[in-house]
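I opened this model to look up charged side chains and their partners. My notes follow.

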Amino acid sequence: MSSIEDEHLVPTYQKFPIKIVRGNRALVYDEKGREYIDLSGGYGVAIIGHSNPFVASAIADQAKKLITCHGSLYNDARENYLSELVKVLPQGLDHVYFCNSGAEANEAAIKFARKKTGRKEILAFTGSYHGKTYGALSATWNQRYRKPFEPLVEGVKFAPFGNLEKATELVSDATAAIIVEPIQGESGIHVPPPDFLPGLRTLSRERGALLVFDEVQSGFGRTGKFWACENWNVSPDILTASKGIAGGVPFGFTAVSREIAASLKPGEQTSTFGGNALSCAAALAALQFLLSENLLERARSTGEYFRGKLESEVLVRHPSLVREVRGRGLMLAVELKIPVKDVILLGFDYNLILLYAGLNVLRFLPPLVISKGQVDKVTSALDAILSSIESRLAKSRQEVHTTLEAEA
Ligand SMILES: *Cc1c(COP(=O)(O)O)cnc(C)c1O
């Protein structure tokens, strides 16, 4: 496939040969009208479904009234969203900073933690992903993202994800914040052991460090709870969110306690577009849709169903190719014993848009509105894809065998 994108975009995205022009719920369509089930959910953004009509009309209505309004002025769309948002924030968090992406939300979290504590160090974890701006990147584990852009922000240490003992060794009275994804996304959907997040909560209180939960991927109903941290009944001092919170319109926020908010002064952290009227109207509609359609319950039940099917039709039937199924709600992964790229490319033939995490993990972040019938199609397609890879591997083994015999 040839596209002007290949001519004129900097080549920083892994590209797949399909052009999407339209979407509806868990489906997207290419320019020929071919339908695909979107298991990537636009990287977890289309959480309430693609081009959600309720959000689309809120955007259209707001666009006709007022699109932009800088944070220095009061605005009705921002007020309306804020009044609903504070009702769903974790306990103790009642102030927010609005921005436009996950990286920016984490950037602000790191700055706020340093400002509030007067300390410099950040503890992050192996496998972490917090975004690609300098502060967020500095707390991101993957060397491939970091190395070409050094030097990064100083003072970030890493402990093994899930290892409370090692984290305890690395947190001191120089630690401003511990930043963690309650369930790691980008590195392959890793659910921590049960004592990990509660342990970090205790640790950060004891040492006077702030606890930051990056819920950019795991939040907004994805795991069947509004915030993934609710799975462990733990609340952070700072929570960041973005991805699906405005139905696909760029938006993000950093939520903090009253005490942290009180440590900040006008001018210290601002964003021209942050909290603009259009994003706020979209975010309010997305939030209302999520709650009124009971999508948390749906993420739980469809997630359980999906996971069961992945186990019975993918893991059990293809033990030579599949290592493990894991995740919570509709944040799921299948770890393979083979490179994931072949599976993703074959997926297009079966009308699936699959998402990878690392070299050998298939990650599932579908819209929460995906139906059980669609899940059935997905798992039977994956079954067929893995079968075809198995027979290809068996054939090439046979060929090697035949060649060796002929040579002998
Ligand atoms: C996607 C993601 C980010 C970065 O968000 P951007 O909007 O791409 O900057 C940060 N943290 C987590 C957990 C993410 O999944």
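I looked up Lys65 and found that it forms a salt bridge with Asp76, with the closest N and O atoms 3.6 Å apart. A salt bridge here is a side-chain nitrogen of Lys or Arg within 4 Å of a carboxyl oxygen of Asp or Glu. Lys65 lies in helix 3 (residues 53-65) and Asp76 in helix 4 (residues 76-88), so the pair ties together parts that are 11 residues apart in sequence. Helices (H or I, at least four residues) and strands (E, at least two) are DSSP runs, numbered from the N terminus. Lys65 is exposed at 60% relative accessibility, and Asp76 is partly exposed at 38%. Buried means under 20% relative accessible area, exposed over 50%, and partly exposed in between (1.4 Å probe, protein chains only).

I note that this is a predicted model, where local features need pLDDT of at least 70, side-chain atom pairs count only at pLDDT 80 or more, and totals for chains, interfaces and linings use all residues. Residues are numbered from 1 along each chain as its sequence is written, and side-chain values use heavy atoms, with hydrogens and water left out.

Next I checked Lys87, which forms a salt bridge with Glu84 at 3.0 Å between the closest N and O atoms. Both residues lie in helix 4, three residues apart, about one turn of the helix. Lys87 is exposed at 60%, while Glu84 is partly exposed at 27%.

How many salt bridges does the rule give? I read a count of 17. One of them joins Lys15 and Glu5, whose closest N and O atoms are 2.4 Å apart.
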